[in-house]
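These notebook entries record what I looked up in the structure.

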Amino acid sequence: MAGKKLNVVVTRRLPEAVETRMSELFNVRLRDSDAAMSREELAAALREADVLVPCVTDRIDAALLAHAGPELRLIANYGAGVDHIDVATARQRGIVVSHTPGVLSEDTADMTMALILGVLRRLPEGLQDMASGNWQGWSPMAHLGRRISGLRLGILGMGQVGLAVARRARAFGMQIHYHNRRRLRPEVEGSVEATYWESLDQMLARMDVISVNCPHTPSTFHLLNARRLKLLKPSAVIVNTSRGEVIDENALLRGLKAGEIAGAGLDVFEHGHEITPGLRDLSQVVLLPHMGSATLEGRVEMGEKVILNIKTFADGHRPPDRVIPGML
């Protein structure tokens with residue numbers, strides 16, 4: 001494709017600076033509406049594009065990829081995860097898939113700490129009392145939460161986001177523990193004074209807070225299932241800013257209702273934007289609308305990575321953030 005000005009289709013609205021730069025470099029079709037494309041619109045985009053720029057809300061499965069036109073050679077995902085894209089089928093059809101890793105770690109870690117504080121210090125309940133006008137003044141026993149300092153934090157998935165969470169939590173005085181596919185190098189582990197647990201079950205049983213920071217893959221689907229959730233101490237809380245599918249949400253709801261889990265802070269959900277009925281009704285649960293990476297700076301940096309991947313591909317080279325099977 002070297003020398004050709006590519007036809008690029010973008011499925012959602014992006015920051016103005018990103019859209020403007022794309023318009024300068026490519027024959028780009030931008031989205032007028034911020035609503036997600038329908039399946040029919042996605043199929044049409046796949047037929048006409050050289051490059052498709054989807055988001056996490058666009059499920060690009062094998063059936064949809066069957067509509068891909070002969071010119072489609074790159075799916076440049078606007079986001080770090082690709083579990084919504086059938087990468088294997090795309091590869092079989094000669095379509096390269098890229099993503100935007102590494103730019104949202106700090107933003108997501110900030111939101112993870114916000115959820116930890118929100119759940120443990122009962123911030124939503126306090127906000128609700130102020131908004132409703134029900135607050136009658138200070139009371140010794142009102143809105144009692146937990147002290148953050150000294151609590152054990154178990155990080156499930158110690159990648160870039162997990163490490164960023166560990167650095168923040170360490171500054172709050174938390175004790176850092178983690179479970180990972182591979183143990184970190186000693187110097188990295190030592191930088192956050194982290195304790196490694198080869199056994200996820202053993203770690204879960206001893207933590208005060210669990211932070212989910214691993215990707216969604218076939219091996220991590222419902223990694224926190226009903227059996228593992230029952231290992232948690234009744235005083236423990238769970239925070240998830242990674243992928244909703246890692247937690248069995250129905251089992252989590254049962255544990256929260258039964259008092260077997262003290263609280264939860266969720267920025268992602270097992271069924272996308274559909275929240276498991278009953279979660280909204282629990283005062284010990286903090287729910288956010290997938291805001292973990294929602295900073296202007298982060299969104300612009302994501303767009304810059306997308307542009308770099310497309311431009312590199314257009315010049316006849318492999319995109320720097322190409323997804324390869326070994327990553328999945």
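**Entry 1: Arg13.** I listed the contacts of Arg13 (contact means heavy atoms within 4.5 Å), not counting residues up to four places away in sequence, and found Glu19, Arg31, Asp32, Ser33 and Asp34. The model is predicted: local features need pLDDT of at least 70, side-chain atom pairs count only at pLDDT 80 or more, and totals for chains, interfaces and linings use all residues. Residues are numbered from 1 along each chain as its sequence is written, and side-chain values use heavy atoms, with hydrogens and water left out.

I located Arg13 in the loop between strand S1 (7–10) and helix H1 (16–25); helices (H or I, at least four residues) and strands (E, at least two) are DSSP runs, numbered from the N terminus. I then looked for polar contacts, that is, pairs of N or O atoms within 3.5 Å; within protein, one must be able to donate a hydrogen and the other to accept it, and residues adjacent in sequence count only if both atoms are side-chain atoms. The side chains of Arg13 and Glu19 share one of 3.1 Å. A polar atom of the Arg13 side chain also lies 3.3 Å from the backbone oxygen of Arg31.

**Entry 2: Asn213.** I found Asn213 in the loop between strand S9 (209–212) and helix H10 (226–229). Its relative accessible area is 10%, so Asn213 is buried. The side chain of Asn213 makes a polar contact of 2.7 Å with the side chain of Ser211. Leaving aside neighbours within four places in sequence, I recorded contacts of Asn213 that include Thr112, Ile155, Leu156, Gly157 and Thr241.

**Entry 3: strand S7.** I turned to S7 (residues 175–179), where four of the five residues are buried, so the strand is largely enclosed by the rest of the structure. Strands pair if DSSP finds at least two bridges between them. S6 (residues 152–156) pairs with S7 in the parallel sense over five bridges, and Ile155 stands opposite Tyr178 in S7. S7 and S8 (residues 194–196) run parallel and are joined by three bridges. Which residue of S8 stands opposite Tyr178? I identified Tyr196.

Conventions:
Buried < 20%, exposed > 50% of the residue type's maximum accessible area, 1.4 Å probe, protein only.
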